[in-house]
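Good morning, everyone, and thank you for coming. Please take a moment to look over the sequence and the structure before I walk you through two parts of it.

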Amino acid sequence: MDSLTQIVLGAAVGEAVLGKKVGNKALLWGAIAGTIPDLDVLTKFLVDDVTANELHRGFSHSIIFCLLFAPVFGWSVAKIYKRQEATWWDWTQFMFWGLFTHPLLDAFTTWGTQLFWPFEYRIAFNSIFVVDPLYTLPFLGSVIALSFYKRNHPKRSQLNWLGISLSTTYLLSTLVIQFFATKQFKNELEKQGISYNAIQTRPTPFNTILWTANVKTEDSFLIGYYSFFDTRETISFTEFPKNYQLLQAVNNEPIVQRLKQLTNQWYAVERKDNTLYLNDLRFGVLGIKQKPPEFVFGYRFYKDDEILKAEEKERDMSEASGLLTSLWDRIWGN
């Protein structure tokens, strides 16, 4: 999830664990703990794009990281507040839950988390977009409101648990909504007589009303959209050929194999101006009506000292306002 959401979650968890002992310090350090796992984004300044994406939501989002570093961070904070009521063990438990709830929340997004690192399997439920106001804003309001009460005031705990309850209920409800959206896509594929090998369903940006599906067939991928406000009888699917034959000459190159694994085999290849691109289909395309469609994540292959390498292709965000307008219209069934 986005940084603000993780800060709010960390603050709320910190309040639940240690708020009665340390007051607003629990909000502050909870927010910091909730941010720490995402510091892995700094690897972008140290390694190439592919390696950085492989590392993202890896070790720093694992149970092992939480167990190893909670005592270290707990000891550090305990040293700062030597005369406070909270002990080193209190702060260690506090830090563990602040760190651990971060990857748990991220597991509901499309990118997922390697919660059980060093195993490479990513847990990704695909049920919530990385920025969802309905999850974050009520939660944020409760955290802000409780901060004005003294640490032992009963309203403080009530407001905190209200925020946690609302956000958790909404988060779990996205799985139910996803189930019904997926059912709609599957029914439509059956009605249109389309055979497929796999399907992925996820929400479009900022909402859980409009959903998109990636459908894997024998030779291509299909992308379709469904809104719960749709009045149309059929779902239209756009086809994207796999074009795997374009990789025939470089298929055994290490960078190609790494990208196949990174995309979890949800990729399509295209050639533009004699340059090969590998597009990650898990995150769909920019915009709904954009022509030609541009994938959110893609990699450009290039040679460096005769070694095949890849880098993230640049995304054209010049029409961002138009993308949001088309998204808003499509949500309401237009």
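Predicted model: local features only at pLDDT ≥ 70, side-chain atom pairs only at ≥ 80, totals over all residues.

**A sheet, and a bent helix**

Let me begin with helix H7, residues 154–191, which lies across strands S1, S2 (210–216), S3 and S4 and runs at about 55 degrees to S2; contact here means heavy atoms within 4.5 Å, and angles, from 0 to 180 degrees, are taken between N-to-C directions of axes fitted to C-alpha atoms, for helices over the stretch in contact. Helices (H or I, at least four residues) and strands (E, at least two) are DSSP runs numbered from the N terminus. Residues are numbered from 1 along each chain as its sequence is written, and side-chain values use heavy atoms, with hydrogens and water left out.

The four strands form an open sheet in the order S1-S2-S3-S4 with antiparallel pairing, where pairing requires at least two DSSP bridges between two strands. Because S1 (198–203) and S4 (237–241) stand at the edges with a single partner strand each, one side of each has no neighbour in the sheet.

Turning to helix H4, residues 63–80, we find a bend of about 35 degrees at Phe69, with Pro71 following within four residues; the bend is the angle between axes fitted to the seven residues ending there and the seven starting there. Among the buried residues of H4 are Phe65 and Ala70, buried meaning under 20% relative accessible area with a 1.4 Å probe, protein chains only. The buried residues of H4 pack against helices H2 (24–35) and H5 (88–106).

Definitions and conventions
Buried < 20%, exposed > 50% of the residue type's maximum accessible area, 1.4 Å probe, protein only.
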